[in-house]
Amino acid sequence: MDTVLFFGFSTAYVLLLIWGISLVVRRRRLITSDVVLLVIGGLVYDNAVLAIGSFIGEDPGLEAANAARYWLHALVTPLLVLAAWNMLIRAGARWAKSTWAAFAAFAVTAALIVYEIIVGAATAQLVANREYGVLSYSNENAPGGPPLMVLVIAAALLVAGAYVWKRERWPLLFLVTVVMVVGSAVPIPVPSGAITNLFELVLLVGVVATIMFQDRESRSRG
């Protein structure tokens with residue numbers, strides 16, 4: 001069942017990526033929030049590798065493909081902090097336009113990338129893992145406790161979402177971030193390991209939808 005779900009998630013992310021690219025084409029320029037496209041591209045790959053694992057079987061090639069998942073996770077997921085910062089600027093947060101806010105956004109993003117490389121990608125001890133029909137390679141050295149990167153990104157998106165809601169009457173970013181946090185923290189009694197990926201998809205749809213909304217607001221202001 002999870003294999004089908006991961007195929008579905010990968011397809012959904014491809015469509016989401018096309019949507020995001022169409023926003024860039026319509027805008028005719030790149031903005032900082034567009035770093036989300038790199039995150040979505042990484043999730044296309046991530047879910048595709050999970051979907052095909054059971055068809056390939058235990059294999060050095062599949063292990064290498066899974067190792068690349070950890071590197072992509074470390075290198076591109078923290079970019080969501082920059083997206084949140086840019087959404088604050090577009091919503092009219094004057095403090096977000098300051099030099100110190102820009103420095104903080106880039107510093108936090110860089111720190112998360114370095115942290116994820118050190119505790120995850122570079123030190124990963126991969127072992128084959130079969131769960132709900134999916135074959136993947138999991139990291140035996142993964143740190144315990146709540147994932148630091150997820151907490152920091154969620155905090156950044158919650159701040160941006162609350163501000164966009166207040167200033168632009170657009171609650172979606174805040175709501176999908178809350179759904180992702182709650183969904184990831186609360187165990188759901190279903191026979192699937194793909195539920196967390198569903199909440200990630202909901203979050204990314206909300207992020208792209210918010211970029212679209214802010215594009216529209218920007219055009220309406222001239």
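Reply: The model is predicted, and a search of the whole structure finds four salt bridges.

R27 and D34 are both buried. D215 also forms a salt bridge with R27, and here the closest N and O atoms are 3.0 Å apart. Because D215 lies in helix α8 (residues 195-220) and R27 in helix α1, this pair ties together parts that are 188 residues apart in sequence. D215 is buried, as is R27.

A further salt bridge is found between the side chains of D46 and R69, with an N to O distance of 2.7 Å. D46 belongs to helix α2 (residues 36-56) and R69 to helix α3 (residues 60-76), so the pair ties together parts that are 23 residues apart in sequence. D46 and R69 are both buried. As for shared partners, salt bridges join R27, D34, R90 and D215 into one network.

Helix α1 (residues 2-27) also contains S10. S10 counts as buried because its relative accessible area is 9%, under the 20% limit. The side chain of S10 reaches the backbone oxygen of V44 at 3.2 Å.

K97 counts as exposed because its relative accessible area is 55%, over the 50% limit.

Methods. Residues are numbered from 1 along each chain as its sequence is written. This is a predicted model: local features need pLDDT of at least 70, side-chain atom pairs count only at pLDDT 80 or more; totals for chains, interfaces and linings use all residues. Side-chain values use heavy atoms; hydrogens and water are left out. Buried means under 20% relative accessible area, exposed over 50%, partly exposed in between (1.4 Å probe, protein chains only). Helices (H or I, at least four residues) and strands (E, at least two) are DSSP runs, numbered from the N terminus. A polar contact is a pair of N or O atoms within 3.5 Å; within protein, one must be able to donate a hydrogen and the other to accept it, and residues adjacent in sequence count only if both atoms are side-chain atoms.
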